[in-house]
Amino acid sequence: MNGRLNVNFVGCSLIIFILIIYVNIFYECGKKVIYYNVRKRISINDDWRFFKYPSREKADSLVYDLFQFMYKSKKDEIDVAKLAGFKNFNSFQFILKPWVTPTGNEFIKDSSRHYKRPKDNPSSNFPFVLLDYDDSNWEIVDLPHDWAINGPFFTGPNPEVGGSMGRLPSPGVGWYRKKIFIPESDSGKCIFLEIDGAMSYTIVWVNGNVAGGWPYGYASWYLDITKYIKWGDENLIAIRLDNPPNSSRWYPGGGIYRNVWLTKTNPVHVSHWGTFVVTPEVSRDFANVRIEVCIQNDSNREADVYVKTDIHYFDPLRKIVREKVASFKPIEMKILPGSREKIESSTIVEKPKLWGPPPEQYPHQYIAVTTLWEGSKIIDKFETPFGIRHIRFDPDSGIFVNGELVKIKGVNLHHDLGPLGTAFNLRAAERQLEILREMGCNAIRTAHNPPAPELLELTDRLGFLVIDEIFDCWEIGKTTYDFHLIFPEWYEQDLRAFIRRDRNHPSVIIWSIGNEVGEQYTGESGVEIAKRLYRIVKEEDPSRPVTCAMNWAKPYVPLPAVMDVIGLNYQGEGIRQDPEFEGTDKIRTPPQYEPFHKQFPEKVILSTETAASLSSRSVYLFPVTNKVSDFVRDGRGGDSKIRHVNAYELYAADFGASPDKVFASIDRHPFVAGQFVWSGWDYLGEPTPYYESRSSYFGIIDLAGFKKDRFYLYQSKWRPDYPMAHILPHWNWPDRIGKITPVHVFTSGDEAELFLNGKSLGRKKKGRFEYRLRWDSVRYEPGELKVVTYKDGRKWAEDIVRTTGEPYRLIAKADRNKIKADGKDLAFITVRIADEEGYTVPDANNKVNFHIEGPGEIVATANGDPTDFTPFPSKSRKAFNGLVLCIVKSKKGIPGRIKVVAESEGLKKAKVIIEIKN
């Protein structure tokens, strides 16, 4: 009997507990309030069906606009019918732009310019948009998904996709389909489809109806799909993407490459991206926090709502809302049917914990929790993470964060994740930032487009400062089919949506409206566009300054005057000022920091792109230039036969400069706020100077995530209090015995002594505006190089490089030995080719084969070699100068242990054990 009573008691307790979760009864202002789980945001990334046409000529004709027929011919459509798996195929020719453009109406301020959707529903009988279409032979994929990253690479002369776009099959037309059950209990709610990024010209059908779309591949956007939903039934979402050829200057990726969500709300709710938090007054004692909330009434009746917002301390790593620290005054209001209302309020947070960049500061965060009542019911709850910080721009010193001068030690980042392509992965992006932080980097410029939303969540959490950039071109294009084709129709929608999405991130300190735009050359007509963009930014967010990265515009042309912050690409050091460029038709620019500072003494100057240095990791070519900075030519830092660039880190693109030259230029001009190096990581595409390759040479870190020598040069400058020393080159030169082999040392110290096989080669001290120590007359002999560095006369750090033995074994190490069983988390395994004593053999290129056991999968391998055309999913890859990478992903919901084994013929194998945890 007691057992039954205990069971009944436990059962009743469980029921009560569940009821408390779903119907939470409490009191507010003395009245009984019933809380419902009213807003749900659900990931719908899993189990999509995917199909990509084998060629553009065989694709359907459901295009966004007429210009897409310019790069498409109509033939072999019957063949595609067989390939796609449907019968009775007919030729469909529809221009769907009139059904897509209304998607952006919310972001067009002038309602008279809003687009009207046609009444009919074209393409409703196209097979791919029908619920009963048999897509069983389509590929099953999870999002985010990059349809091109698996390759194969295009090789040889005149490829379909050239080196600029990474030689991968990103252009083309593809479809995604997913069936989603919407319960009858959701009837009466609003259903929104949110797409964080899809490349590109996206068009969405819901249950055969064209629901809308968005052309710009980097935009985040959403659709209200409520009127197309079948309640208590399966609903089909079909998405078509059309990625043009010759549409980008770098690898754009392809497919739905960021997250997709389904959000359910009550008809009266906080609008999408409907809050804006600013902190206009900040001190250590108090902060004035202001909030703007936009409330939307999608019902057909007037609503009386009561709005209250509380501020809590927020733990973003664990996503935990902690103690309440302040509240805004509640507001009661009426909202007419089909309308939106905006409310504003302010409050004081006592003794705020400020958001700021490490190591001097800490990135504390808060969260504003906005609750909507209608009568006694809570009808919506909306959370807005933010940070309390104060940014001051001083034209003579730079940028102050919470009263402390923070010199910008930044890098530019493209949106691809190397061997993973453009498909966003949180851990891969976090790894990029962690390695950059180790170098001393404190700022990111999102080159040249809106990043994934999660990247800004990471920069918020890790404390990076961000220039958030939106456009690489305006009306003047850089490639045949880039964004300039639709810029006049879409710039406002894209820009307003971009600002609203990102304006609550404390890491974002500057908006950039363009990169090296062609309108620099067009005088007043270009300025008119800049002014329109500037006004839009200020309407959406008056709290942050605006810049535009300029590689040509001079102080006397009108464009810079529009900007709050002067952003210069390469102009600070001067462009092509060497005598060899005299008399050429190349753009030549003398150093511009002083002229801009003189013309705009009230404006901060930032170097939005610097350096454009080039190198291949651990490839050393001789002779070595005796200059501080030089350009890549055959026999002079480069070798076009092997397509590699000298890793002495003295060489740059013709328009760029070495890190040493950039450091000196900025140090000579202390009013410059800092720099963003081009680029933090190597990226797919734009393989200057060798376009027969497939990825860049610009990175401080290579495509696999291995540090180039340049990493340590930046670390020596950016972390002056960190004891470090780094010698280059490696010391395996059997064909150079007795030959001059220069030795360079990067150190945060100010002095160093170099030893070869125990014999001192002299002690040297850095001079003013010198950032490396050079022993340029060393004659090679096998053995050991050792450097001992000093700072202020005291021993500081040391480094050793040795002549190694022959490859003997593999040594493997994972960046983490425990990952989550969520089907997304990654482990990055570095394998070294080592000699018998365990030293990395720096010129070893042995082929390594990977095998895996347990609940995980190998998703990619890489080695950092921009000339390697082995597809990234390959489980076999040659090492590049002693290193190779294997990326392993967990399987969703399956904990356990996985073992990754690395093998190479004639060498001892290595293994790594990784724990998979729920």
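**Entry 1**

I looked up Arg643 and found it buried, because its relative accessible area is 16% (buried means under 20% relative accessible area, exposed over 50%, partly exposed in between, with a 1.4 Å probe and protein chains only). The model is predicted, so I noted that local features need pLDDT of at least 70 and side-chain atom pairs count only at pLDDT 80 or more, while totals for chains, interfaces and linings use all residues. Residues are numbered from 1 along each chain as its sequence is written, and side-chain values use heavy atoms, with hydrogens and water left out.

Arg643 has a positive phi of about 60° although it is not a glycine. I located Arg643 in the loop between β35 (637–639) and β36 (644–645). Helices (H or I, at least four residues) and strands (E, at least two) are DSSP runs, numbered from the N terminus.

I then turned to Glu516, whose phi is near 50°, again a positive value in a residue other than glycine. Glu516 sits in the loop between β29 (508–515) and α7 (524–540). At 18% relative accessibility, Glu516 counts as buried. I looked up the background: most residues other than glycine have a negative phi, and most peptide bonds are trans.

**Entry 2: Cis peptide bonds**

I recorded a cis peptide bond from Leu143 to Pro144, with omega near -5°. Pro144 belongs to the loop between β7 (139–141) and β8 (172–182). A cis bond also joins Phe622 and Pro623, where omega is about 0°. Pro623 is in the loop between β32 and β33 (630–631).

**Entry 3: Helix α4**

I checked the length of helix α4 (residues 426–439). At 1.5 Å a residue its 14 residues should span 20 Å, and the end C-alpha atoms are 20 Å apart, which agrees; the expected span is 1.5 Å times one less than the number of residues.

Is α4 enclosed or open? I found 10 of its 14 residues buried, so α4 is largely enclosed by the rest of the structure. Among the buried residues are Arg427, Glu430, Leu433 and Met439. The buried residues of α4 pack against β26 (408–413), β27 (443–446), α5 (453–462), α11 (709–718), β48 (826–834) and β52 (883–890) (contact means heavy atoms within 4.5 Å).

I examined both ends of α4. Asn425 caps the N-terminal end, with a side-chain oxygen 3.0 Å from the backbone nitrogen of Arg427 (a polar contact is a pair of N or O atoms within 3.5 Å; within protein, one must be able to donate a hydrogen and the other to accept it, and residues adjacent in sequence count only if both atoms are side-chain atoms). After α4 comes Gly440, whose phi is positive, near 105°.

**Entry 4: The barrel**

I traced a closed barrel of eight strands, β26-β27-β28-β29-β30-β31-β32-β38, with parallel pairing (two strands pair if DSSP finds at least two bridges between them). Neighbouring strands of this sheet are turned by 25° against each other on average, direction ignored. Axes are lines fitted to C-alpha atoms, for helices over the stretch in contact, and angles run from 0 to 180 degrees between N-to-C directions.

Ala549 has Gly567 of β31 as its bridge partner. I also noted that α4 lies across β26 and β27, at about 150° to β26. Helix α10 (residues 659–667) lies across β32 (605–611) and β38 (672–678), at about 165° to β38.

**Entry 5**

How many residues of β40 are buried? I found five of the five in this strand (residues 743–747), so β40 is largely enclosed by the rest of the structure. Val743, Val745 and Thr747 are on one side, and His744 and Phe746 on the other. Four bridges join β39 (residues 725–728) to β40 in antiparallel fashion, and Ile727 stands opposite Val745.

In β54 (residues 910–917), I found a covered face of Ala910, Val912, Ile914 and Ile916 and an uncovered face of Lys911, Ile913, Glu915 and Lys917. β47 (residues 818–820) is joined to β54 by three bridges and runs parallel, whereas β53 (residues 896–903) is joined by seven and runs antiparallel.

**Entry 6: The whole chain**

I ended with totals: the protein chain has 11 helices and 54 strands, and buried residues make up 61% of its 918 residues.
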